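Here is a friendly briefing to read alongside the sequence and the structure. Take a look at the fold before going through the points that follow.

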Amino acid sequence: IPVEDFDLVVFGGTGDLAQRKILPGLFRRYVAGQMPESARIIGAARSDYSDGDYCDLAHDAIVEHVADVDRDKLSAFLDQLHYIAIDAKGDKGWGELKDLIRSDVITAFYFSVGPSLFGDLAERLHSHGIADRDSRVVVEKPFGRDLESARALNRTLADHFDERQIYRIDHYLGKETVQNLMAVRFGNVLFEPLWNQHYVDHIQITVAEEIGVEGRGEYYDRSGAMRDMVQNHLMQLLCLIAMEPPSVFGSDAVRDEKLKVIRALQPVASHEIVRGQYDGADGMTSYREDVGDPRSHTESFIALKVHCSNWRWAGVPFYLRTGKRMKARSSEIAVTFKDLAHSIFPGDEARHRNILSIQLQPDEGMNLQVTIKEPGPGGMRLIDVPLDMTFADALGPENNDIPDAYERLIMDVIRGNQTLFMRGDEVEAAWAWTDPIIDGWEERGDVPKPYDSCSAGPEDAMMLMHRDGRRWRDIK
Ligand code: NAD
């Protein structure tokens, strides 16, 4: 279904994110027939490009990042692109942008630039009469580096836009499987009755990356895994797993429930958190070499145990783990259910457990580990098998072309649907939980534990679960 006609301005339209995600994503939506022919995408950035130069840049970015590009469709899509050389901090380009923007269509402004420019952009969009009360702004991570800076950013945006106009992106929420998690939880009678401390033993959330800090060393070293991954992505995944059923799948109802989860998270004791930093191995550089600081104490890995103090989750640990330069690129949420109260099968010593696992990377999918009888005449022997809940076969090939998170989220912006975007109070609550942990490290002069590149992280992270008689799932 096509969205309504729109003008989308991408500030930072020549940047890495625009080239890798935003432009390719918009093209795929165009090919899917979701973008009206009259909709326009306006790149706005510092470079002195013509419309033609920008189309060349977009062309190359799309050919690089989209498989099997249809050349005719690409050429038609490029006709919808415009470019304005603009200075976020000066006057250049703003008059031209004002002339270009239509007042009778949806207007959206994607701030794909560093947060230090948000205030300048918001202020000029208003002083030049470009944004109106129905315009939308999309802002990228990082949304602050602590509670104070996040509050300041929220205030800056609130000076010019209402909360209903602000779309804070966390692209993990745009993943198909993350939304499917909500469909499975709240669309079936089977899971919700079991989704609590009576039946769930523990929950693991892992986001493992194979790559190191690559070209982002300077930014990353000021941030670290806690700020870059846990405060936002892992926290959002935890919220969707742990939240109460909202009364309706609507933006405020969902976000109210997520906020309650964050506020119910207990502080994490220092012995329940492990920080790590990757070492070099087999010709690979170490973290410290990558960031060019031989004394850096920034963590590239983190594992922690947290409890959500409410009736549903009392006593159920949530184990969170994320790191760079790990043995595989793999992101997964796993809900491990409790052991059977009593086994009726004599001689079966194995521990059979139902585990619902939701894979987010490299491929998206969902499966439920169930115990069945091993087929054949060997008697009543039990085995565990994964029940594939992706249902690719049942849905047919036309439903297997999963949209990338960014393209889905951008279409939600045009539709005016904020459900999969973070609200200002959620972000602040997440920082309020994160800040004391980071402050504690700084006060203690905490040094992260080294771990081998291409491993599962430091040994202490294994101990975090072993102590509780549990183990991390394999990263594969
Ligand atoms: P980038 O450095 O590649 O691009 C920055 C863009 O901003 C360029 O188009 C540049 O022309 C424009 N710009 C800078 N100063 C300007 C000014 N004064 N006036 C007008 N335009 C100006 O950055 P990026 O990697 O594309 O990241 C953009 C934002 O998205 C950042 O906030 C980043 O943290 C966030 N982000 C990026 C990624 C990613 O994968 N690249 C992922 C998540 C979030």
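The largest nonpolar core has 127 residues, and V10, F11, Y110, F111 and L238 are those with the most contacts inside it. Helix α9 (residues 224-242) is the top contributor to this core, giving 12 residues. Both domain 1 (6-140) and domain 2 (173-270 + 300-437) supply at least three residues each to this core. Please keep in mind that the model is a predicted one.

**The core and its background**

- As a general point, nonpolar side chains tend to be buried together in soluble globular proteins.
- Leaving out residues up to four places away in sequence, F111 touches F11, F118, L121, V137, V138, V139 and E140.

**Overall build**

- The protein contains 15 helices and 15 strands.
- Its radius of gyration is 24 Å, close to the 23 Å that the globule rule gives for 476 residues, so the protein is as compact as a globular protein of that length.
- The C-alpha trace spans about 80 × 55 × 45 Å along the principal axes of the protein.
- Buried residues make up 41% of the 476 residues of the protein.
- If you take the contacts between residues at least 6 apart in sequence, 78% of them join residues at least 24 apart.

- The domain assignment gives domain 1 (6-140) and domain 2 (173-270 + 300-437).
- Between the C-alpha centres of domain 1 and domain 2 there is a distance of 33 Å.
- On the domain 1 side the contact takes 12 residues, and on the domain 2 side it takes eight residues.
- Helix α1 and the strands β4 (106-111) and β5 (136-139) each supply at least two residues of the side of domain 1 that touches domain 2.
- The largest share of that side of domain 1 comes from α1, with six residues.
- Sorted by class, the side of domain 1 that touches domain 2 has six nonpolar, two polar and four charged residues.

**Around the ligand**

- The ligand is surrounded by 21 residues, and G12, G15, L17, A45 and A88 are the closest.
- Helix α1 (residues 16-31) provides the largest share of this shell, three residues.
- By class, the shell around the ligand divides into eight nonpolar, seven polar and six charged residues.

**A look at L100**

- L100 belongs to helix α4 (residues 94-100).
- L100 counts as partly exposed because 15 C-beta neighbours lie inside 10 Å.
- Beyond its neighbours within four places in sequence, L100 is in contact with I42, H82 and I84.
- L100 and I42 are 58 residues apart in sequence, and their C-alpha atoms are 9.0 Å apart in space.

**Backbone details to check**

- For context, most residues other than glycine have a negative phi, and most peptide bonds are trans.
- K141 and P142 are joined by a cis peptide bond, with omega about 0°.
- P142 sits in the loop between β5 and α6 (147-158).
- Another cis peptide bond, again with omega about 0°, joins Q361 and P362.
- P362 is placed in the loop between β12 (355-361) and β13 (365-373).
- D68 has a positive phi, near 50°, in a residue other than glycine.
- The loop between α2 (51-65) and α3 (71-78) holds D68, and D68 is exposed, with 5 other C-beta atoms within 10 Å.
- D282 also has a positive phi, near 45°.
- The loop between β8 (273-279) and α11 (287-291) is where D282 is found, and D282 is exposed because 7 other C-beta atoms lie within 10 Å.

Notes:
Residues numbered from 1 in each chain as written. Predicted model: local features only at pLDDT ≥ 70, side-chain atom pairs only at ≥ 80, totals over all residues. Helix = DSSP H or I, 4+ residues; strand = E, 2+ residues; numbered from the N terminus. Rg over C-alpha atoms; globule rule 2.2 N^0.38 Å. Buried ≥ 20, exposed ≤ 12 C-beta atoms within 10 Å, placed from the backbone. Contact = placed C-beta atoms within 7 Å. Near = placed C-beta within 6 Å. Nonpolar A, V, L, I, M, F, W, Y, C, P; charged D, E, K, R; others polar. Core = buried A, V, L, I, M, F, W, Y, C linked by C-beta atoms within 7 Å. Domains from an automatic or database assignment.
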